[in-house]
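User: Please examine the model shown below and answer a series of questions about it.

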Amino acid sequence: MAKFKLKKNDPVIVKSGRRADRKKTGKILRIVAEKNRVVVEKVHLVKEYVRPNPQKNIKGGIVEREGAIPINKVMYYCKECEKGVRVGYKGSGVNKQRVCRKCGVVLD
Ligand SMILES: [Zn+2]
């Protein structure tokens, strides 16, 4: 399985995809590794019909939730650079840290 440089809770920016989602930034909510996809907060919202379930106090109806998008459509959003950047590594073993390849800031 591919090892990703991105992790859950990383801030990312959407580089391509649906017009409405382009340049959106958000946190990674979930990584779907086997499909090379990520779920990003407030990005790629899809409507879903939910059945009412009174026992669980669910009203039912149309709800919006985040759909998964290909991981190669997002980039790490570096706060220092204020844009999407590539992630590099510094150190090794337990001291290995992720860094911004542009400004060198430690991301972890
Ligand atoms: Zn940076």
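Analyst: Four donors count as tetrahedral if all angles lie between 85 and 135 degrees; four count as square planar and six as octahedral if opposite donors are over 155 degrees apart and all others between 65 and 115; anything else is irregular. Donors are N, O and S atoms within 2.8 Å of the metal (3.2 Å for Na, K and Ca), and water is not among the atoms, so sites may look incomplete. This is a predicted model, in which local features need pLDDT of at least 70, side-chain atom pairs count only at pLDDT 80 or more, and totals for chains, interfaces and linings use all residues. Residues are numbered from 1 along each chain as its sequence is written, and side-chain values use heavy atoms, with hydrogens and water left out.

User: Which arrangement do the 4 donor atoms around the zinc ion form?

Analyst: The protein donors are the SG atoms of Cys78, Cys81, Cys100 and Cys103, at 2.2 to 2.3 Å from the zinc ion. Ideal angles at a metal are 109.5 degrees for four tetrahedral donors. Because the 4 donor atoms around the zinc ion subtend angles of 103 to 114°, the arrangement is tetrahedral.

User: How are the donor residues of the zinc ion spaced in sequence, and how many residues apart are cysteine 78 and cysteine 103?

Analyst: The donor residues follow the spacing C-x2-C-x18-C-x2-C. Cysteine 78 belongs to strand 7 (residues 74-78) and cysteine 103 to the segment after strand 10 (97-100), so this pair links distant parts of the chain, 25 residues apart. Strands (E, at least two residues) and helices (H or I, at least four) are DSSP runs, numbered from the N terminus.

User: Is cysteine 103 buried, partly exposed or exposed?

Analyst: Buried means under 20% relative accessible area, exposed over 50%, and partly exposed in between (1.4 Å probe, protein chains only). Cysteine 78, at 1%, is buried, and cysteine 100, at 2%, is also buried. Cysteine 103 has a relative accessible area of 39%, so this residue is partly exposed.

User: Which residue is the bridge partner of cysteine 78 in strand 8?

Analyst: Two strands pair if DSSP finds at least two bridges between them. Strand 7 pairs with strand 8 (residues 83-85) in the antiparallel sense over 3 bridges. In the hairpin of these strands, with 4 residues between them, glutamate 82 takes a positive phi near 55°. The bridge partner of cysteine 78 in strand 8 is lysine 83.

User: Which residue in strand 7 is the bridge partner of isoleucine 13?

Analyst: Strand 1 (residues 11-14) pairs antiparallel with strand 2 (residues 25-32) over 3 bridges, and isoleucine 13 has threonine 25 as its bridge partner in strand 2. Strand 1 is also joined to strand 7 by 3 bridges, again antiparallel, with valine 12 opposite tyrosine 76. In strand 7, the bridge partner of isoleucine 13 is methionine 75.

User: What distance separates the C-alpha atoms of lysine 15 and lysine 73?

Analyst: Lysine 15 lies in the loop between strand 1 and strand 2 and is partly exposed at 44% relative accessibility. Lysine 15 and lysine 73 are 58 residues apart along the chain, and their C-alpha atoms are separated by 5.3 Å.

User: What is the positive phi of lysine 42?

Analyst: Lysine 42 lies in the loop between strand 3 and strand 4 (45-50) and is exposed, with a relative accessible area of 56%. Although lysine 42 is not a glycine, its phi is positive, at about 65°.
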